[in-house]
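Hi,

Here is the structure I promised to pass on. Have a look at it first, and my notes on its pockets follow below.

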Amino acid sequence: PAVIATHLLETLRKHAHALLTRQDTRALLDKVAESAPALVGELVPDQLGLGQVQRVFKKLLQERVPIRDLVTILEALADRAPSTKNPDVLTEFARAALAATITQHVADAEGRVHAVVLDPSLEQHLLKKAETGELNPQTLGLEPERAVLLQQEAERYLAPLIASGRAPVLLTSPVLRATLFA
């Protein structure tokens, strides 16, 4: 029973983004409104619609970012919604607000995060592609040989983390993060 329960819980976590409906989102907002009515009232529907908030929640869940701290997420959205309605950008602001939670989620028992970073020249190359609008999520704007090399190097550095039971973490610019996640 314990193995089945663990497997079921992991499956639910993996697919939580697909299960979150607008009605669920409304229920979550209503629950937060009990303790922070001004926050919810300011955000929905004045700054963002229910569907926009739902898309941010779904994006966070898809990346396995816990959304338990709804007040922090909603405050980040309320702070940034006047300047953008783009759910991808809003998700990045929510992620930044949840930095401590995310770090705790991937840290080992001693509180250390084992991470891999991109070569600075590669990251700069990709950031330039992003600035010019050439960054393509499928190719990253890289020549095929360089894309294959990047994949091989990522596997080489991340495989030991995975084998040791650690979460594979790639630290990169917020501009590149979503594309590299895809």
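The second largest pocket has 14 lining residues, and Arg13, Ala16, Leu61, Pro66 and Ile67 are the ones nearest its centre. Two elements, α1 (2-19) and α2 (22-35), each give two or more residues to that lining, with α1 giving the most, four residues. By type, the lining splits into eight nonpolar, one polar and five charged. The space inside is about 460 Å³.

Before you go on, this is a predicted model: local features need pLDDT of at least 70, side-chain atom pairs count only at pLDDT 80 or more, and totals for chains, interfaces and linings use all residues. Residues are numbered from 1 along each chain as its sequence is written, and side-chain values use heavy atoms, leaving out hydrogens and water.

A few terms:
- A pocket is an open set of points on a 1 Å grid over the protein atoms alone where a 1.4 Å probe fits, with protein on both sides within 12 Å along at least five of seven lines; lining residues have an atom within 4 Å of a point.
- A volume is the space filled by probe spheres set on the points, which are joined across faces, edges and corners.
- Helices (H or I, at least four residues) and strands (E, at least two) are DSSP runs, numbered from the N terminus.
- Ala, Val, Leu, Ile, Met, Phe, Trp, Tyr, Cys and Pro are nonpolar; Asp, Glu, Lys and Arg are charged; the others, Gly among them, are polar.

Now the largest pocket, with about 1,600 Å³ of space. Pro168, Val169, Leu170, Leu171 and Phe181 are closest to its centre, out of 44 lining residues. Here α9 gives the most, ten residues, and the lining divides into 28 nonpolar, seven polar and nine charged.

Cheers
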